[in-house]
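Please look over the model shown below before reading on.

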Amino acid sequence: MKNIPHKIYLQESELPKYWYNVVSDMPDKPDPFMHPGTLKPIVLEDLIPVFCKELSEQELDRTTRYFEIPDEVFDYYKTFRPSPLVRAYNLEKELQTPAKIYYKFEGNNTSGSHKLNSAAAQVYYCKKQGLTKLTTETGAGQWGTALAMACAYFKLDLTVYMVKISYEQKPFRKAVIQTYGADIVPSPSETTEVGKKILAANPGTGGSLGCAISEAIEVALKSENCRYVLGSVLNHVLLHQSVIGLETKAAFEKIDEYPDIIIGCAGGGSNAGGLMSPFVKDKIEKKQSPYFILVEPVSCPSLTRGKFTYDFGDTGNMTPLAKMYTIGNGYIPSPNHAGGLRYHGMSPIVSKLYHDRIIDEARAVEQTKVFEAATLFAKCETILPAPESSHAVRVAIDEALKCKETGEAKNILFGLSGTGYFDMTAYTQFMDKTMTDYIPTDADLEKGFASIPKFPGLE
């Protein structure tokens, strides 16, 4: 039997020096972002009032396969990368499965997540352009924390609009974000016109990422020398997150193994897309045939119950239109939904890969089953996983148990994209048996679908 270490690390000299743009190799490209006023594809000039120029160029690039990681970003990466590929021996033993379970752990930084990979890149390019201030949204708080860290490192001011229900459930996220010098506002708020409009229509709402995005964009457009940055969904975010998959692939090569099943939690798509994209390349080129599974919460089921159509990326209808799986930009998840993964749509890249069945499957799971898996994983592997990552943990366990039934010794890989140390309210609810599963009815989803814009000839 091959002796595989518990943790497989790359040497600093083996770290990826580039990001991989999966769009360049996709046989059918994602549909272009559309301007809601002209219904024509977005061009660079449409994006640069909102995003910095270099990020806008990356967003629209459909042909460049590899982007070199700038030296300044690479130097920052070296403070928290490489992250380990871990063989979950104790979990395998507990499940009595012949499967080999691996996870790529991205929690080895203060944000506790993979989000710092793109935050570092985005803040660097904004600093390079001469900007002095940024705005953003955050759901569970990992992205806001990561961006605050990157802004502190590159010395830019930052205002974070955090989904209100998460802001209330996780007060220590606020403390960490403020420790790194950023301002934080619960969203929707009275500080913006779009926030006031959302509150007038939905008094007492717990908010959504769509709401927070609208507020952050409004402030960016009205502020001097300021731009907006986004932590998921967009093409350039998945580009930066490809460092996860590139490292993972290189680590598997060191032990002469390859994953049969690759699992990623799916909210906006940055973690799953970043982990999967280098392996997607192998599948497109018919070098390997891994089975990809996206996992989302039943309370926000964009992939499993949504529509593949053009929609706004925010509640205030300020963004370009994106062709994606969506449950409607006006959909607001139930307040009892723990953690992130509360965005109404899915990355256009991930959506297209799933629509074309290059990514094989999407599953929606109940949060009580997610936390059941999370607590088992914590007991076996000593890491307290974030609720978001625990969706992937749940399905990894399910797949390992299938292997137990069939006797197949498959290699199962999932992304452990975050830690759960700020999610103890949710863990407590699970342990106290006060956590409930909210599954939206068809009527609930229809309210969200009603917010999807209807433009003749644009579906």
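Which residue in β7 is the bridge partner of Leu-134? The partner of Leu-134 is Leu-158. This is a predicted model, in which local features need pLDDT of at least 70 and side-chain atom pairs count only at pLDDT 80 or more, while totals for chains, interfaces and linings use all residues. Residues are numbered from 1 along each chain as its sequence is written, and side-chain values use heavy atoms, with hydrogens and water left out.

**The sheet**

Four strands form an open sheet in the order β8-β7-β6-β9, and their pairing is parallel. Its edge strands, each pairing on one side only, are β8 (183-187) and β9 (226-228). Direction ignored, neighbouring strands of this sheet are turned against each other by 20 degrees on average. Here strands (E, at least two residues) and helices (H or I, at least four residues) are DSSP runs, numbered from the N terminus, and two strands pair if DSSP finds at least two bridges between them. The table gives the bridges made by β6.

| Strand pair | Bridges | Direction |
|---|---|---|
| β6 and β7 | six bridges | parallel |
| β6 and β9 | three bridges | parallel |

Five of the six residues of β6 are buried (under 20% relative accessible area, with a 1.4 Å probe and protein chains only), so β6 is largely enclosed by the rest of the structure. Helix α10 (residues 209-222) lies across β6, β7, β8 and β9, and runs at about 170 degrees to β6; angles run from 0 to 180 degrees between N-to-C directions, with axes fitted to C-alpha atoms, for helices over the stretch in contact.

**Two packed helices**

Helix α15 (residues 367-381) packs against helix α16 (residues 387-406) at an angle of about 85 degrees, with their axes 8 Å apart. The two helices are therefore roughly perpendicular, a term that covers angles of 65 to 115 degrees.

**Nonpolar cores**

A nonpolar core is a set of buried Ala, Val, Leu, Ile, Met, Phe, Trp, Tyr and Cys residues joined through side-chain atoms within 4.5 Å. In the largest one, which has 77 residues, Trp-19 and Leu-294 touch the most other members. A second, separate core of 36 residues includes Leu-91, Tyr-103, Leu-416 and Met-435.

Terms used:
Contact means heavy atoms within 4.5 Å. Angles under 35 degrees count as roughly parallel, over 145 as roughly antiparallel, 65 to 115 as roughly perpendicular and the rest as oblique. Buried means under 20% relative accessible area, exposed over 50%, partly exposed in between (1.4 Å probe, protein chains only).
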